[in-house]
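These are my notebook entries on one structure. I set down what I looked up, entry by entry.

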Amino acid sequence: MYRYDEFDRKFLEERLVQYRDQVRRRLAGQLSEDEFRSLRLMNGLYLQLHAYMLRISIPYGTLSSAKLRGLAAVARRWDKGYGHFTTRQNIQFNWIRLEDTPDILAHLAAVELHGIQTSGNSFRNITTDPFAGVADDEIEDPRPYCEIVRQWSALHPEFSFLPRKFKIAINAAGEDRAAIKIHDLGLRLRRDESGEVGFAVMVGGGLGRTPILAQTVREFVPRRELLAYITACLRVYNQYGRRDNLFKSRIKILVQALGIEKYREEVEAEYAAMGAERAALALPDETVAAMQAQFAPPAYRDAVNDDAELARATAAEPEFARWIEYNTRAHKRPGYAIVVISLKPPGRPTGDCSAGQMETIADLADALSFGEVRVTHDQNLVLPHVRKSALYDLWLRLGAADLATPNIGLASDIIACPGLDYCSLATARSIPIAQALSQHLAKREETIGPLQIKISGCINACGHHHVGHIGILGLEKNGAESYQITVGGSDNAQAALGGIVGPAVAAHEVTGTVDRLIDTYLRLRQDGEQFPDTYRRVGLAPFKEALYVAR
Amino acid sequence: MLLDKHGALCADSWRHLGDDEAAADGQAVTISLKRWQAERERWSDRSAPLGLRLPNDAAPAVIGEALDRFALIALSFPRFIDGRAYSQAWLLRGRFGFRGELRATGNVLRDQLLFMARCGFDSFEVDAERARAEDWPRAFREFDLFYQPANDRAEPILQQRLRSWQTAAE
């Protein structure tokens, strides 16, 4: 895991002093709210419906136990005792007072966390596969590259006032667990014919009111050239991206307007002209190697009989067996497993985690996972290296903290944004919809199998509804909340946008509607098909029909 | 009011000509890109210092060979959130080697000063009231560590770090 050195620490100290002074100037009336707004946003502080919300960056979703304890302390001391993990692998605190924020950030800086660029029209948190470094289908660990890009993009002098926010995701495994095609810039780590490591570069993906999947600018950029090539991509965007209309300012609109060929031509011309700048941004092998050393694997022990022991335990206890089936994943090291901790007990707000739970997870990480924790973009947590022989003990201890719900990837493992309960942009509530659905569907979710339901409380799509197997978008219609439902979306390597199944429904009709869509899928699915597979085969019509008949 | 590269108030010795205004003999003047393109010959022979006001939707490359002719280039931030001039400054300094004064004009705020300086700006036109109320020189001192190579030639953290690792290894 990456640890700050003297340089990172000093940089963060300088940032804190700067922010403390900005807050002081605001409270003294030297800065208007308008001027202060962009400054606080660059430190992750939003003004929401009821209070300030502080969003803390969790670089590529990687936490240490110390960081998690730092977050727990903030929840306890300055918020209402909990935090909310987001689809950007970050955490948000929803009940913050402006005057406390410099102290909160000072407290977090001590554990190497901050809110820099969790908002504003610049680079946002770099995200990646939550199983990076431990997945068995990985080409190479993406985290060293995430960290290199993170550092390069921190307070970038040229690109801190882009037309709009800019999200980068990196995936390095066979399966895309980083949803790179719905990012402004998606990087897929790959090797070329000679075995050299580099990246396929995709641009212009995004959800919001104009959902578009990213297109490939270049099939292969050698890793040495990664920062130079991204610079060219950004410079073209900074020059030509629209600034006259907030809703048309993302890079996806530029790429759509120019066409990917023309955009590529511009980027390649810029890249070719970079000359000395390219040399300054080059990542020589020794730089990459030095960064890779920061992510060296922990001191694993050799496996002894773990599988046999585990088999005995699962045979004896069906609840444990269910948790093993849904909440653990294959680890590349024999004798170890990846454990996903569900933050979605049915009926509870998705992604919320109490201070006590954070501390429990931190303790468990220290005892059983080399002190490491990950955040997933579907709002769960991960203990990346647990010895198989420790799984039973872990399960018991998680269960005692209400953290052992065996539902990862199932219907009640819903993604939902904070919605109208907190967010000033929202047009409808998301949390109660998710609560009702998860409670209702939990009863039959094992029969249904893998299913991704994603809910957004407005068109900005923080809940990724376009790429949900079933997507739910909360709207406001004549003063009442109503919900538009889509089916067949997907955010993996075969990413697809869902199709709208009919007119929007009222809040109390959502559960019934989702039920009928699931019934239709169960009736039509063939062996081994997941929802998007069936949808690709049968199309939208049967789903529309099922709802029409019901009406 | 004008600030120099240290954030200190200074006098503006330039006159910024409108497109149909005449220049007095020997007076340092800036003209718009439009006027430069239309009256290029006429301005080329002038011996007094000449400056160019480049709108933020123009590629710096349009100046071409004439770059050396200008002692000052003024770039514009119509709103502080419109960051196109950062890229223009970056290219003028870093790629085209412009050595004259690079001036930020428009909605220039204290908390952007350091970004601007790193891109290559060395003078800043700011609101008069704000110029007096704010501690501008402090903006330059807020950071002395940076993660990116830039036109201020500060050694990025990554290079400093590698050097410190190498020293430790030796």
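What covers the buried residues of helix 18 of chain A? I found that the cover includes strand 19 (480-487) and helix 17 (510-524) of chain A; contact here requires C-beta atoms, placed from the backbone, within 7 Å. Helices (H or I, at least four residues) and strands (E, at least two) are DSSP runs, numbered from the N terminus.

**Basis of the entries.** I note that this is a predicted model, in which local features need pLDDT of at least 70 and side-chain atom pairs count only at pLDDT 80 or more, while totals for chains, interfaces and linings use all residues. Residues are numbered from 1 along each chain as its sequence is written, and chains are lettered from A and ligands numbered from 1 in the order in which they are written.

**Helix 18 of chain A.** I looked up the buried residues of this helix (residues 531-538) and found F531(A), P532(A), T534(A) and Y535(A). A residue counts as buried if 20 or more other C-beta atoms lie within 10 Å of its own, as exposed if 12 or fewer, and as partly exposed in between. The four lie on the same side of helix 18 of chain A because they cover an arc of only 160° around the axis; the arc is that of the directions from the helix axis to the C-beta atoms. I recorded that G539(A) follows the helix, with a positive phi near 80°.

**Strand 17 of chain A.** I checked both faces of this strand (residues 453-456) and found them covered: I453(A) and I455(A) are buried on one side, K454(A) and S456(A) on the other. Strand 16 (residues 415-416) of chain A runs parallel to strand 17 of chain A and is joined to it by 2 bridges; pairing requires at least two bridges found by DSSP. I415(A) has K454(A) as its bridge partner. Strand 18 (residues 470-477) of chain A also pairs with strand 17 of chain A in the parallel sense, over 4 bridges, and there I455(A) stands opposite I472(A).

**Domains of chain A.** I listed domain 1 (6-109), domain 2 (135-293), domain 3 (306-400) and domain 4 (415-550), with bounds from an automatic or database domain assignment. The C-alpha centres of domain 3 and domain 4 of chain A lie 27 Å apart. Each of these two domains gives 8 residues to their contact.

**Nonpolar core.** I found 198 residues in the largest nonpolar core, where C233(A), I341(A) and I73(B) have the most contacts inside it. Such a core is a set of buried Ala, Val, Leu, Ile, Met, Phe, Trp, Tyr and Cys residues joined through C-beta atoms within 7 Å. Helix 6 (residues 226-240) of chain A gives the most to this core, with 9 residues. I also looked up I341(A): leaving aside residues up to four places away in sequence, its contacts include I361(A), N380(A), L398(A) and L403(A).

I counted 7 helices and 8 strands in chain B, and 37% of its 170 residues are buried. The C-alpha trace of chain B spans about 65 × 40 × 30 Å along its principal axes. The contact takes 28 residues from chain B and 31 residues from chain A. Helix 7 of chain B gives the most to the chain B side, with 6 residues.
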